[in-house]
Amino acid sequence: MKKLIDKLAKDQTLSKEEFIRIISGYDKQTSDYLFEKARAVRHRIYGHDIYIRGLIEFTNYCKNNCYYCGIRCGNKNAQRYRLSKDDIMFCCRQGYKLGMRTFVLQGGEDPYFSDDRIVDIIRTVKSCFPDCAVTLSIGEKTHESYQAFFDAGADRYLLRHETADSDHYSKLHPEEMSLSDRIKCLYDLKSIGYQVGCGFMVGSPYQTVENLADDLLFIRSLQPDMVGIGPFIPHHHTPFREMKSGTVELTVLMLGLIRLMLPDVLLPSTTALGTIDPMGREYGILAGANVIMPNLSPEEVRNKYMLYDNKLSTGGEAAENIADINKRMNAIGYNIVVDRGDHIKSKKKEE
Ligand code: SAH
C-alpha cells in the first residue's frame, strides 16, 4: 500500500485498479502514511494557512428533485425561504468584518433568481467588496448564463459532479437529470475562465469502490481548482431516509488521495464531515484539506437549509464563532488567514 501511495505522490495519478486497491484495502497505517504525504504537499504549496469562505445559503427553493437532498422540490415539509439582496449584503458585511474575503452564494435551483437578479447581486457584492472573491453554487445553467455571471464579476463556481458514473448518477437523480449535462456545465465554466470546483459525496447510496476510483480519474482529467467532498448523510424527508451515512475514515482517505493527485487544489474540510464527527473538520485538515466554509446565513434561516439531518450551523460552523474556529485550527498547527485564497495558478495569472 505504501508503495502505491509513493507512486501517487510521484506521478500524481494511479490506474483505476490501483485506486481500487487502496480504497478497498486501506487500514489505519495506510491512511496515516497518506495523510503525512498529503500534508507535506499542502505545506509546500499553501503553508499552514487555512482559507475561509463565508457561505451564504440564499434560497432553499429548488426545482430539482435529487433523491438525496433535503431541499428537493418533492419535500413538502421543507419551510422555504429566500434572502433579499439587502439580506445578502448584510451577511457580506458581517463576513468582511470577520476577515472573510470570499463569499459563496449557494442555493437550490430557484427560478425566482433569474439571471438578471443574480447579475445584480454579483455586481453589488463586487462593487462594495472589490477585494473579495464571489463564488457561485447555484446548479446547472446555460453557457450564456454562466458567461453573464462571470462578466458581472463572479470568480469561482462550485458544481459537484456527484458521481462520474452515469448509471450511478441515475440512481441518485430523477430521469430528467443527467451526468452528461452536469459535465458539460463543468467544462463550460472552465472555458469561460472561472476557478471551478467539482466533487461528490462519499458513501452515497449504491456507490461502489469502482465508482470512487472513477470519481478520482474524472477529477484528474477535469483538473478543477477546487474539490468539494463530504460524507452522504440521509435526510428523513427524502427517498434515501433509510440509507447509511458515509464514514469519516473513507471521506478523509479520499481527501488525502485528492491532495496527492492535485497538489495545488483548494480542498475544503466540509460541514458534512463536521456533522458526522465533532472532530471531522480537524481530521479533514489533517488529511490535506486547506479550506473551511463557515456559515454566514442569517440565523433565522440556517436551520431551513437542511440538505441532510442534523446539519451543523452553530458552534464551530457559525461564522460569528470564527475566533473559536481559529483556536481549534491553531490546536492542530494551522491558522486562518484574511485572504481571498485563490487557487495558486490563478494568482500567478493575475500577477
Ligand atoms: N443546487 C446547487 C447546490 C447544491 S447543495 C447545486 O446543484 O450545485 C450542495 C451539495 O450538497 C450538493 O452538491 C451535494 O453534493 C451535497 N448534498 C446534498 N444532499 C446531501 C446529503 N444528504 N448528504 C450530504 N451531502 C449532500
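I started at Y206, which counts as partly exposed because its relative accessibility is 46%. The model is a predicted one.

I then checked F240. At 4% relative accessibility, F240 counts as buried, since the cut-off for buried is under 20%.

Next I looked at how the two rings meet. The centres of Y206 and F240 lie 6.2 Å apart with the planes at 70 degrees, so I logged the pair as edge-to-face. This pair links distant parts of the chain, 34 residues apart. Y206 is in the loop between β6 (195-202) and α9 (209-222). F240 is in the loop between β7 (226-231) and α10 (248-261).

I counted aromatic pairs through the structure and got 11. F58 and F113 make an edge-to-face pair, 4.8 Å centre to centre and 80 degrees between the planes. F58 belongs to strand β2 (residues 54-59), and F113 to the loop between β3 (102-107) and α5 (115-128). I noted F58 and F113 as buried.

I also looked for charges over rings. R101 lies over the face of Y96, 3.5 Å from the ring centre. R117 has its charged end over the ring of Y112, 3.9 Å from the centre.

Last, I went to the ligand. I listed 18 residues around it, with Y68, G107, R160, E162 and I233 the closest. The shell divides into 10 nonpolar, five polar and three charged residues. A polar side-chain atom of E162 is 2.6 Å from a ligand oxygen. A backbone N or O atom of I233 is 2.7 Å from a ligand nitrogen. I noted that the protein covers 91% of the 560 Å² of accessible area the ligand has on its own.

Methods
Residues are numbered from 1 along each chain as its sequence is written. Side-chain values use heavy atoms; hydrogens and water are left out. A residue is near a molecule or strand if one of its heavy atoms lies within 4 Å of it. A polar contact is a pair of N or O atoms within 3.5 Å; within protein, one must be able to donate a hydrogen and the other to accept it, and residues adjacent in sequence count only if both atoms are side-chain atoms. Accessible areas come from the Shrake-Rupley method with a 1.4 Å probe; for residues, only the protein chains shown count as cover. Ala, Val, Leu, Ile, Met, Phe, Trp, Tyr, Cys and Pro count as nonpolar, Asp, Glu, Lys and Arg as charged, and the others, Gly among them, as polar. Rings of Phe, Tyr and Trp (its six-membered ring) pair if their centres lie within 6.5 Å; planes under 30 degrees apart count as stacked, over 60 as edge-to-face and the rest as tilted. Helices (H or I, at least four residues) and strands (E, at least two) are DSSP runs, numbered from the N terminus. Buried means under 20% relative accessible area, exposed over 50%, partly exposed in between (1.4 Å probe, protein chains only). A charge sits over a ring if NZ of Lys or CZ of Arg is within 6 Å of the ring centre and within 35 degrees of the ring normal.
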